[in-house]
Amino acid sequence: MKEDFRSVEFAPGKTISVETGRLAKLADGAVMVRMGDTMVLCTVVSAKEPKPGQDFFPMVVDLRESFTAAGKFPGGFMKREGRPSDGETLASRLIDRSLRPLFPSGYVNETQFICQVYSSDGQNEADVLGAFGASAATHISSIPFDGPMSQVKVGRINGEFIINPTIDELKESDMDLIVAGTAKSVIMIEGEMKEISEKEMLEAVKEGHKAIAKLCEFQEELRKEFGVEKREFTPVEGNSDLEGKVADHVGDQLKGIVASGLGKEEFGAKLKEVKTAVKEAITAEEGYEEAGGEISEIFGNMVKDTVRNMILENKKRIDGRGPEDIRDIWTQVGYLPRTHGSAIFSRGETQALVSVALGTKRDAQSVDTLFHEEDQTFMLHYNFPPYCVGEAGFLRGPGRREIGHGYLAQRALKMVLPDFDDFGYVIRVRSDITESNGSSSMASVCGGSMAMMDAGVPLPKPVAGIAMGMIVGKNNSVVLSDIQGEEDFMGDMDFKTAGTADGITATQMDMKIQGISFEVIEEALMQAHKGRMHILGKMAETISKTRDSLSKYAPQFIRMTIDGDSIGAVIGPGGKVIQTLQKETDTEIWIEEDDQGKGQITISADSLDKAEAAKKRIQAVAGQLDEGATFTGTVKAIKEYGAFVEIVPGKEGLLHISEIEHGHIKNVEDVLSVGDEIEVKLLKVEHGGKLRLSRKALLPEPEQGE
């Protein structure tokens, strides 16, 4: 087999190269994808036959990074890669969502994709390369596949779109948007942006799709040169006889249930009642005793068709709403008394209880991955306990779904946060879904925005999110606002957008069918804008702007600047001075040197008085003593002419005998002892840095005659 690379320039200045036939030859399909010096090996293996009784498509995607790809060692004791990072999990989800709609209906053979990053140039990220490579590996293989598809990233700098921007380019970009699709249509969208309009969003998607079309054409060329014959696959035909029996027993009951405007629990109970009766009746007949599973599947398809037809024909939904109607919303803030901020956001049968904690820089999460090393100062953690859908189950760590939903909400809110240099707090938002029937990630956006405003985080404006759906028929399609669970499951699109009144900050779209037009995407965007404005109005009825002050339970901050020459003195030998300061003032202190060589110091404490005391002592150590200031000092030595008092670590001043008390003192030892803690006032900083102190200046004047 040929072993050299094939290349294509799919956007101005952007080239992808592909090699196949050299590595992983026992996989069904394998390609090495290269862009710059970033290389990803993408493999796919699919079982030749499905497992007996298999009724779902068991597809798994894993994108993994190896630190040796950039000549690095993993952090921690083990020095080898462990469980996937959140970044790897999110990239795997994006690839999965792009590929899954392209496998034939009824294909349930176990399938696994592994995309391993083997080389990294630190600029060209591997996520979209992995998606492209996964499609290419499948397309040239014998696996049934309705591709090819491709995935690109779209950035924009100074109004100019950039396809697959580098990491440095993304820092200057006002959007980070991933678009996936076939040569003819868009399948998946996800990204964040700085309050762009719906029109700009659509332009970005179109620009991305131009590059996708070129990459799909390139994959067709690869298949012509390297492809093997596809396996025969014939979907299992339905049991028409059994389908007829189920239809006869069901009759018109489904139409009545679907049109009755029931809630989730009542709707499910009514369907279960009918399904149970139908199963009992049919399985009692000779020859159908073991047909219970098939009956359930046929019944589910009938429910789906009934719901879809009612929406397409009557523009009426399960709960009685019209296509653009949004469920009732109620909200509350300040619900949890000891968190730094909290909110309840409830929309229909979806509810999020959101809490906020504000912390110091030491609470930041250290992120050390192949492409990114940073301290994360904002995080949103999403939890989906089983009780929120009325089920019992084990509580585990966050799965892929929870990580993905939390990250989408985090992206939406991140775009309106103040700069860390301006606000200085590490922010953790926790969203616990307490009820779920519809988009809980968008409820997390709304609740998260309100909880942060309740906490006093200076957001310039609130953020809201909405989930859109779509039902596609033979002759028409209907876009749905604020979809609930059944509409998501039975529909053809899940399109989430979040943003402020001035623009979109995050989006996510998944298609279950091919062929969506840009006109339909535009319709969904405009309808989503209308819904978002409605939700923002409801949120404003509870809280419309950030509170003027932080929670009294939040840590207090003071920032100060010292000369670079004084940094060493504040830290002290082996950190002794700064450790003493922290212990004696009950504060946390950290120092960083800025680009100008100055020392930037942040002091945090549970009260402002403690932080001010630490600041005063740091000023003294750094030689920034204010004459007239008071200090709590420790007597270090006693002489016949006075005492030497350490007012801050490493800084002593002379307390002359005449400044100890208002009256005459014969011996200093009569009043003071070594180790005493006393309040003193700094009278003067003399030439050479000598300090003159006074105790009597802080004592009340004696009464006449005393």
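Axes, in what follows, are lines fitted to C-alpha atoms, for helices over the stretch in contact, and angles run from 0 to 180 degrees between N-to-C directions. Helices (H or I, at least four residues) and strands (E, at least two) are DSSP runs, numbered from the N terminus. The structure is a predicted model, in which local features need pLDDT of at least 70 and side-chain atom pairs count only at pLDDT 80 or more, while totals for chains, interfaces and linings use all residues. Residues are numbered from 1 along each chain as its sequence is written, and side-chain values use heavy atoms, with hydrogens and water left out.

The chain holds 16 helices and 29 strands, and its C-alpha trace spans about 115 × 60 × 45 Å along the principal axes. Of its 706 residues, 52% count as buried, where buried means under 20% relative accessible area, exposed over 50%, and partly exposed in between (1.4 Å probe, protein chains only). Among contacts between residues at least 6 apart in sequence, 69% join residues at least 24 apart, a contact being heavy atoms within 4.5 Å.

Strand β3 (residues 29–35) pairs with strand β4 (residues 38–46) in the antiparallel sense over 7 bridges; two strands are said to pair if DSSP finds at least two bridges between them. The hairpin that the two strands form has 2 residues between the strands, and in it Gly-36 takes a positive phi near 65 degrees. β4 also pairs with strand β6 (residues 111–119), again in the antiparallel sense, over 8 bridges, and here the bridge partner of Val-44 is Phe-113 in β6. β4 is mostly covered, since 8 of its 9 residues are buried.

Helix α2 (residues 127–139) is likewise mostly covered, with 13 of its 13 residues buried. The expected span of a helix is 1.5 Å times one less than its number of residues, so the 13 residues of α2 should span 18 Å, and its end C-alpha atoms, which are 19 Å apart, agree with this.

On the α1 side the contact is made by Asp-86, Thr-89, Leu-90, Ser-92 and Arg-93, which meet Arg-400, Arg-401, Ile-403, Gly-404, His-405 and Tyr-407 in α9. These residues divide into 3 nonpolar, 4 polar and 4 charged, with Ala, Val, Leu, Ile, Met, Phe, Trp, Tyr, Cys and Pro counted as nonpolar, Asp, Glu, Lys and Arg as charged, and the others, Gly among them, as polar.

Next comes an open sheet of 5 strands in the order β11-β12-β13-β17-β16, with mixed pairing. Its edge strands, each pairing on one side only, are β11 (329–333) and β16 (378–383), and neighbouring strands are turned by 15 degrees against each other on average, direction ignored. β16 pairs with strand β17 (residues 426–435) in the parallel sense over 6 bridges, and His-381 has Arg-430 in β17 as its bridge partner. Helix α11 (residues 440–455) lies across β11, β12 (341–347), β13 (350–359), β16 and β17, running at about 145 degrees to β12.

A further open sheet has 3 strands in the order β22-β24-β23, with antiparallel pairing. The edge strands, β22 (556–562) and β23 (588–593), each pair on one side only, and the twist averages 20 degrees from one strand to the next. β23 and strand β24 (residues 599–605) run antiparallel and are joined by 6 bridges, with Gln-600 in β24 as the bridge partner of Glu-592. Helix α16 (residues 608–621) packs on this sheet, touching β22, β23 and β24, and its direction makes about 15 degrees with that of β22.

Last, Lys-690 is found in the loop between β28 (677–685) and β29 (691–694), where it is exposed, with a relative accessible area of 59%. Leaving aside its neighbours within four places in sequence, Lys-690 is in contact with Lys-684 and Val-685. Its C-alpha atom is separated by 6.6 Å from that of Gly-653, which lies 37 residues apart from Lys-690 along the chain.
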